[in-house]
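Here is a walk through one model, from a single loop residue out to the sheets and the RNA. Have a look at the structure first, then read on.

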Amino acid sequence: MKEFKRTLVTTALPYANGPVHIGHLAGVYVPADVYVRYLRLKGEEVLMIGGSDEHGVPITIRAKKEGVTPQDIVDRYHTIIKDSFKEFGISFDVYSRTSSKMHHQTASDFFKTLYDKGEFIEQTSEQYYDEEAQQFLADRYITGECPHCHAEGAYGDQCEKCGTSLSPLDLINPKSTISGSTPVLKQTKHWYLPLDKHEAWQKEWILEQHKEWKANVYGQCKSWLDMGLQPRAVSRDLDWGIPVPVEGAEGKVLYVWFDAPIGYISNTKELLPDSWEKWWKDQDTRMIHFIGKDNIVFHCIVFPAMLKAEGSYILPDNVPANEFLNLEGDKISTSRNWAVWLHEYLQEFPGKQDVLRYVLTANAPETKDNDFTWKDFQARNNNELVAVYGNFINRALVLTHKYFDGKVPACGELNEYDQATLKEFADVKQQVEKLLDTFKFRDAQKEAMNLARIGNKYLADTEPWKTAKTDMERTATILHLSLQIAANLAIAFEPFLPFSSEKLRKMLAMSSFSWNDLGKVDLLPEGHQINPAELLFEKIEDSVVEAQVQKLLDTKKANEANSFTPEAIKENVPFEDFCKLDMRVGTVLECTKVPKADKLLQFKIDDGMGGRTIVSGIAQSYPDPQVLVGKQVCFVANFEPRKLKGIMSEGMIISAVDADGRLVVISPSDVVKNGVNVG
RNA sequence: CGCGGAGUAGAGCAGUGGUAGCUCGUCAGGCUCAUAACCUGAAGGUCGUUGGUUCGAUCCCAGCCUCCGCAACCA
């Protein structure tokens with residue numbers, strides 16, 4: 001394997017339209033921080049780069065909703081995110097933002113370089129334009145009727161009712177969410193990065209030279225490369241972002257995916273205006289991207305293509321992407337407020353940064369999605385941090401104060417058992433290193449904890465409280481070794497639990513502190529005075545975690561109650577329009593899931609006229625379709641029949657859409673004759 | 001049949017073509033320096049499912065089921 005002189009660690013830029021939660025931490029920031037702390041402790045040259053991603057459509061939508069500017073939104077969240085990272089001990093060398101001047105300049109120059117080199121292709125397409133607001137409309141700025149389920153309010157990229165993905169051109173009766181007017185199609189020019197031109201070298205680079213990448217990362221890259229890469233637009237019609245720096249590009253900005261990763265470069269530049277290039281352009285620099293699994297393609301394929309196209313940059317050496325963390329069995333969601341927010345945790349658990357760091361590493365979603373529960377949080381704190389690690393430290397220190405006035409006693413002759421114990425913990429360094437070097441943080445932390453287990457076992461087996469009655473020399477040796485193990489723990493846990501390591505270091509009055517000392521048995525010299533014992537970790541009571549669970553349940557309830565605001569009433573229509581619709585009642589004879597479709601149910605309806613087949617996108621609200629059999633339902637009988645998944649559907653079953661999106665079919669309150677009118 | 005990842009003890013996770021492992025929980029015993037913590041031992045598994053390759057499959061191959069992600073701008 002190639003030897004590198006320095007390591008550049010980048011962390012995914014959190015999107016500044018909300019605070020940071022435990023999912024972000026477990027997926028990206030905790031592992032990245034463990035890694036850089038480890039490298040620093042080894043004395044290696046390393047940089048950790050972070051920053052807020054502040055452009056993109058969702059931020060502009062949110063700003064509009066709240067009646068403030070996009071800058072107000074990103075200022076608010078950038079501050080919260082930055083402060084909470086700092087307090088949590090994520091040791092960025094720089095944490096900046098993509099709305100900074102430096103970033104605008106850097107990204108703009110980067111685009112210009114690629115443009116001048118002819119690395120882009122230009123393409124003109126038709127997109128919706130709002131003539132009143134005088135701007136092109138991003139997908140999310142257009143709503144209309146979904147062509148599949150005919151629900152109103154579907155967005156230009158997706159219908160949230162039936163989940164179908166859409167293009168803005170699919171919408172029936174499109175409306176601009178900005179002015180409410182009907183948009184018109186207009187030609188617009190955009191620049192594309194022809195990824196297909198980069199396919200050949202990427203195949204060689206990833207599939208041949210980086211077989212060591214994690215299975216989830218390698219697998220996804222392989223599938224993309226095997227499918228064949230397509231050109232990707234790098235600009236958008238929007239007024240929030242970095243202006244496209246070429247003539248004839250008024251009103252166009254860089255697409256966020258193009259602008260965001262360049263933030264890694266800008267932020268390095270901001271930190272080291274004179275020497276940033278050696279971190280980005282020297283083949284002896286090793287670049288590592290820490291990201292979540294949703295970002296794999298951008299960091300393994302798209303961003304490297306940009307860097308290669310520019311020509312002077314290095315490529316990432318590894319991209320250790322994690323899977324996702326769930327919370328109490330449910331997907332973490334910013335919009336549903338189903339999350340443990342970092343800034344709130346810090347307020348509610350002051351001084352307990354390390355507990356969360358420990359739990360998130362112990363349960364890190366390294367190979368598959370994992371679940372965070374408060375019960376597990378409490379158990380890991382009480383049974384592992386307190387009972388195993390904290391308790392060992394306390395035992396060693398209390399005994400030393402009790403028998404030797406807090407001075408490190410002399411090490412006498414070592415017996416066979418002492419030797420065996422020493423040998424066992426000398427191996428820990430190599431083990432932890434091997435695991436950290438391969439990004440196996442969960443196992444590495446477990447190995448560090450093993451050191452405390454060795455300590456506890458050593459005390460239990462040698463029983464210094466008994467030897468103290470007969471043989472002080474032997475007691476001295478036992479405690480001498482126990483204290484050396486304690487000092488080793490301070491080093492081994494520094495990358496994982498920096499706050500506790502500092503506390504322990506102070507208790508032991510340790511002067512030297514380096515990764516290379518790990519495994520040594522002379523960290524604390526004979527006669528060295530240690531400080532009074534304090535508890536390294538405290539128990540967490542049931543009531544505390546119960547309160548957190550309750551808080552989650554409360555937000556869930558509040559969400560369900562608050563999230564519902566009735567939609568605005570549509571404009572009045574003449575009675576004749578209503579009469580054009582022919583709605584009838586029928587009885588469900590059969591109801592089955594349509595194979596290979598998540599959302600479709602196929603109904604056989606007795607409509608009093610020989611029966612008809614209707615396909616309806618409500619399968620997710622009715623996991624057991626049988627419950628509908630025998631029910632009477634209302635349906636629109638005179639829609640043009642249309643094919644769904646190859647089945648001709650003759651009408652549409654009418655459903656109410658509950659606040660949580662669940663669809664409930666409408667039934668008459670009494671049984672009526674099949675085929676009667678609704679009106 | 002769009003693509004990728006995952007499915008192993010009550011929970012969370014390792015792992016390997018030849019006797020299934022770790023942490024927590026549970027049960028029993030030991031210890032009493034320690035935050036009722038610690039140490040030892042035990043119970044607990046048709047390794048998602050069906051078929052194939054093999055002397056032998058949890059592992060390799062094929063089909064199917066379930067969960068997650070991407071495609072489709074929340075880690």
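## A loop residue to start with

Where does T373 lie? T373 sits in the loop that links β16 (370–372) and α12; helices (H or I, at least four residues) and strands (E, at least two) are DSSP runs, numbered from the N terminus. A polar atom of the T373 side chain is 3.1 Å from the backbone nitrogen of D376. That is a polar contact, meaning a pair of N or O atoms within 3.5 Å; within protein, one must be able to donate a hydrogen and the other to accept it, and residues adjacent in sequence count only if both atoms are side-chain atoms. P350 is 23 residues from T373 in sequence, and the C-alpha atoms of the two are 19 Å apart in space.

A word on the ground rules: this is a predicted model, where local features need pLDDT of at least 70, side-chain atom pairs count only at pLDDT 80 or more, and totals for chains, interfaces and linings use all residues. Residues are numbered from 1 along each chain as its sequence is written, chains are lettered from A and ligands numbered from 1 in the order in which they are written, and side-chain values use heavy atoms, with hydrogens and water left out.

## The chain overall

Chain A has 19 helices and 26 strands. Its 679 residues are 51% buried, that is, under 20% relative accessible area with a 1.4 Å probe, protein chains only. Take the contacts (heavy atoms within 4.5 Å) in chain A with a separation of 6 or more: 73% of them link residues 24 or more positions apart.

## A parallel sheet and its helix

Four strands make an open sheet in the order β3-β2-β1-β13, with parallel pairing; two strands pair if DSSP finds at least two bridges between them. β3 (94–97) and β13 (285–290) are the edge strands with a single partner each, so one side of each has no neighbour in the sheet. On average, neighbouring strands here are turned by 20° against each other, direction ignored.

Within this sheet, five bridges join β1 (residues 6–11) to β2 (residues 45–52) in the parallel sense, and L8 is opposite L47 in β2. Helix α7 (residues 256–271) lies across β1, β2, β3 and β13, at about 115° to β2. Axes here are lines fitted to C-alpha atoms, for helices over the stretch in contact, and angles run from 0 to 180 degrees between N-to-C directions.

## Antiparallel pairs

β4 (residues 121–130) and β9 (residues 184–193) run antiparallel and share nine bridges, with E122 partnered by W191 in β9. β9 also pairs with β10 (residues 232–233), antiparallel over two bridges; there L193 has R232 as its bridge partner.

## Around the RNA

RNA strand B is surrounded by 54 residues, the closest being S223, Y255, D294, T367 and N370; a residue is near the strand if one of its heavy atoms lies within 4 Å of it. They split into 18 nonpolar, 19 polar and 17 charged; Ala, Val, Leu, Ile, Met, Phe, Trp, Tyr, Cys and Pro count as nonpolar, Asp, Glu, Lys and Arg as charged, and the others, Gly among them, as polar. The largest share, 12 residues, comes from α12.

Of the RNA strand B atoms within 4 Å of the protein, 74% are sugar or phosphate, and the rest belong to bases. A phosphate oxygen is 3.2 Å from an N or O atom in the R453 side chain, while a base nitrogen is 3.3 Å from a polar backbone atom of H24.

How values were computed. Buried < 20%, exposed > 50% of the residue type's maximum accessible area, 1.4 Å probe, protein only.
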